[in-house]
Amino acid sequence: MSARRKAMNTEAPTKESDDLLASRGLTIRSKLLLFTTGIGFLILAALAITAFFLSAIALRKARLDGFQSLRTSLSQAINALFAEQRRDVTAQAELQTVRYAVTELSSGYEHLLEDLDAAGFKVDSSFLSEVRQSLREVYEHGPMQDLRKFGEPVGDFDEFSDLSPAAAILQYVYILKNPASPGFKFQKNSVLDISKNENLAPDFRNAFSKTMFARAMDRYHGLFETVIRRNSYFDLMLIDDLGNVVYTYEKSWDFGTNVFKGWRERSKLKEVFMGAWYGVTPSGDHTSGDEVVITDLKRYPGEYGSPMLFLSCPINNRLGGRLGVVVHKIASSTFTDLVTFQGRWAAVGLGETGEAYIVGPDMRLRTESRFVREMPAKMKSISFEPDGSPGPLTTVLGGPLHNKAVENIYSDKVLSNDGEVTFFDDIGRESLGVYEQLGTPGLDWGLVITISTDEAFAPAVHLTRLIAFGGFVILIVAILAALTFGHLLSRPIVQLVNTAEKIGSGDLSARAPISSKDEIGFLAERFNYMIDQVEERNRHVHKILETVNEGLFLMGPDFIIQPGYSKITEAIFQRKIDGISFLDLLRPAPQSGLQPIVADEVLVATQHYLELLLNTRIKEKLIQQTNPLGEIEYKEIRLKGAQPSRFLEFRFNRVVEGGKTTQIMVTVLDSTSRIALTRQITENEKAAQSQIEMLFGIMHLDPPILAEFLNHARSEISAMLDLLEAEQFGSHAGESGTERSERYLRLLQKISRSIHLIKGNAAMLRLSYFEDLANRLEEKIATVRGGAPLSGEQFLPITTGLASLLDQIGMTHDLITRLLSMQKVFGKGAREGSLTDFAPLVELAEDIAQRNGKRVRVDVQMKDGLARLPNPLREPIQMMITQLVRNAVLHGIESPSERLTERKHPVGEVQIYAYRLNESERKIILAVRDDGRGINYQLLRRRAVQLGYASVNSIEAWTQQQLNNLLFETGFTTMDRPTTDGGRGVGLDAVRDLIAKMGGALNVSSKQGQFCEFRLEIPVA
């Protein structure tokens, strides 16, 4: 009761002072502050608004001037492209070579069946039925299926294709049975290729290669290929006087067909043929392009519904008679590359939100939008790859656009079809742009260049912010001046009020300054005397709290910690704790160097426990048995070094007054030493158990073999540690953060290759203990490689892991040294347990296959005395063959179910063979061959694009050798995620480096679905 009365006596003056100040209204300092702030904000707002509008007007004019210049340049470039195409197609129509080609190919087309008969192959109804059935299956799962997805009426195969016998045979030879990949059917078209095509029956291919059409195709295809590649055409077609498509470079589904039959009758191909055939009356040479017929960009069934534009020109003989028509196909990507600047938006002033695009009179895009992903679903349509598989969504010929710029181009309500406009684009952004109707002959296209107003007026916003910031600084200075002036006016009263507030918050050392002898000075003097009396009584309590060695503090029924706790309490928690909730001591706090590790369930249980402790009806001894805070772990956060743990124990006791629990006394004990000793004993037991497991793991090997492995591993790890130490001093004064990150990445690649080789050797020798240690180190390296940019601190766990692995190898090496000494005493020769250096590879392949759900049989064939390799070659060859065997089982051999589906034996076969090439060249040939799935080059292309080695457009031009080289690139892998056996892209690159150091050669041969072979040629000194 006395404590409560004292609290009431100290709170009464503070409350009366607050009431007195509140009754007088705003102070002088507050009024001056409000007036200064209000005037400053008004001036600041006026300046910012004026600056924004003036700069926005200037920016709009500058942006539109730049867009108009860009619009003129693009318009000229587009019209120049069409003019060049017109000149090219006209010039080609006048070439004597083209006249000869259309004549010979047309004649060969007409007499194809007769030529086959004369060459010894009779084209009967059964053969034609077989050809049509093969084509039917491809059509149904290719162009017909894709066109149905577009909503096009297709019908059945005969109605859709309407192929003549000659057309069916040509598509059968040049498209269906052509061994070239989809999209590359322009390859393998020569007579020699057809005569060797194993997909065709021997008698048929021999007869076909002798036909007039095949010889004409062989004669002219190379010439047309040169023209197409030189001018970057999509396709070039020749159509004879009967409408037969006797030549296409791309060998699409229009090859060999007639433009008046099947789906061609409704396509733009018929339109350009008829326009060229019945166009201007021929009168000598034509170089102006007047006879050229052009069509708008439309979906073309012959290219799986891809948008195509056609240009055509008649082929005349010297007397002016029509021989046929030459046709150019132009894909929409040609125009997209032109107006999108091949992605260099910022270089032409379009920034992050600008774009240029072409539209047609149907309001649909003729070029791909830069923001195809953000476009509404109704604006996009599906597309297909050259093999007919689904491609990415596209906006070309998608839904019609609905914005002001496009509408003005084709509107009769505006005075001009070009100009500038501010509008909302189809993504919903407010945009600023220019538009123009292109003057391309035969096409009613429009050009739009636009950018979002947010980006266009960003400099104006930036200027406004600068002005606002400057005004804000001036405003702060004015406020500070007002505060200073107000402080001088109200200083005596404010000092007294502040002293009272400090004392009310617990600071009993505060005293009111006595600056005068008036009423305020007398009041301050009596106030100070009263505080002196209170502080004298509290000093005795402080002495007790500073002496105890345990954390002691009180908290109220609301769990708020009250002032007046023992001195050691702040040292334990490393912060002040009065005024905070007790539960906050069990939660992380940024300002504390001691962070708790407490689960949410423990926090809930603690709250329930404290609520029970407040209830005096429940016995205190019974509740204490359920204390959830008997042992709580805290992490001691330090700027550098480790983060040691501390363990605290909490005990609770009630403080009861008047039959109610008014406070809870908390005692905190530091139990860190006791718990640390217990954990050290447990860790020693685990270390002993780990050493026992390691000893049992090496007992199956001969000591010399194990010693050889340990010597190599120790040298590799020592070299890696030396390399890490050298890299600490590898930086220079001018090195940028990006250069340092790239240097660290190369260091990681070297370390990763060495660890992968150690893991491979451990797996071959069935040293699971060391294989597991190396695999865990690989996972640490993969975690570090995933972070960007790299820094030296990230190598700490790798360095620690390498040192730990080196310690384990050193301990094992000491044990093996003793075993070798014993072996010398008992007379057992080294390497008696193994008949060949390659025997462990059999068990390695079987283990990898079992872990990955596969079955494998290994056939080892060693000739010329190579079962035992020469000492200098044994270690590198074993490393390389180990990686190749691992690669064959992991990537080559299929699962038993897949092999059965492919009509293979469920058990895959891996062959390892070696022989000496000859005595004069002194070379050793080693090879690893599997009968698995082979190299999937389409998969390599997709992974190359996904991992950033090439773009979608450039990867198609890569040769097979370039794709094979990808297999040996560091970090390249076809697996989606890494496993214990692979998937990190560090196996084959190590083989490449080792064979290069030995001066040898590495060759890869494969056939998809049948085999893959890695062949090593190693010189012998």
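This is a predicted model: local features need pLDDT of at least 70, side-chain atom pairs count only at pLDDT 80 or more; totals for chains, interfaces and linings use all residues.
Some ground rules come along with that: local features need pLDDT of at least 70, side-chain atom pairs count only at pLDDT 80 or more, and totals for chains, interfaces and linings use all residues. Residues are numbered from 1 along each chain as its sequence is written, and side-chain values use heavy atoms, with hydrogens and water left out.

**The sheet and its helices**

Let's start with the sheet. Helices (H or I, at least four residues) and strands (E, at least two) are DSSP runs, numbered from the N terminus. Five strands line up as E16-E17-E18-E20-E19 in an open sheet with mixed pairing; two strands pair if DSSP finds at least two bridges between them. Strand E16 (856–862) and strand E19 (1001–1007) are at the edges with a single partner strand each, so one side of each has no neighbour in the sheet. On average, neighbouring strands here are turned by 10° against each other, direction ignored.

How many bridges join E19 to strand E20? There are 7, and the two strands run antiparallel. Ser1005, for instance, has Glu1013 in E20 as its bridge partner.

Two helices lie across this sheet. Helix H26 lies across E16 and strand E17 (908–916), at about 160° to E16. Helix H27 lies across E16, E17, strand E18 (923–930) and E20, at about 20° to E18. Angles run from 0 to 180 degrees between N-to-C directions, and axes are lines fitted to C-alpha atoms, for helices over the stretch in contact.

**Helices meeting helices**

| Helix pair | Axes come within | Crossing angle |
|---|---|---|
| H26 (residues 839–851) and H27 (residues 871–892) | 9 Å | roughly 30° |
| H27 and H32 (residues 988–997) | 9 Å | roughly 150° |
| H5 (residues 125–141) and H8 (residues 165–176) | 10 Å | roughly 60° |

Angles under 35 degrees count as roughly parallel, over 145 as roughly antiparallel, 65 to 115 as roughly perpendicular and the rest as oblique. H26 and H27 are therefore roughly parallel, H27 is roughly antiparallel to H32, and H5 and H8 are oblique to each other.

What about handedness? A crossing is left-handed if the near helix is turned anticlockwise from the far one by less than a right angle, and right-handed if clockwise. H26 passes H27 in a right-handed crossing, H27 passes H32 in a left-handed one, and H5 passes H8 in a left-handed one.

Now for who touches whom, where contact means heavy atoms within 4.5 Å. Between H26 and H27, the residues involved include Leu844 and Ile848 of H26 and Val885 and Arg886 of H27. Between H27 and H32, they include Met879 and Gln883 of H27 and Leu994 of H32. That contact of H27 with H32 has 8 nonpolar, 2 polar and no charged residues. Here Ala, Val, Leu, Ile, Met, Phe, Trp, Tyr, Cys and Pro count as nonpolar, Asp, Glu, Lys and Arg as charged, and the others, Gly among them, as polar.

**An aromatic pair**

Rings of Phe, Tyr and Trp (its six-membered ring) pair if their centres lie within 6.5 Å; planes under 30 degrees apart count as stacked, over 60 as edge-to-face and the rest as tilted. The count by this rule is 32 aromatic pairs. One of them, Phe335 with Trp445, is edge-to-face, at 5.2 Å centre to centre and 90° between the planes. Phe335 belongs to helix H13 (residues 332–339) and Trp445 to the loop between strand E9 (430–437) and strand E10 (446–452), so the pair ties together parts 110 residues apart in sequence.
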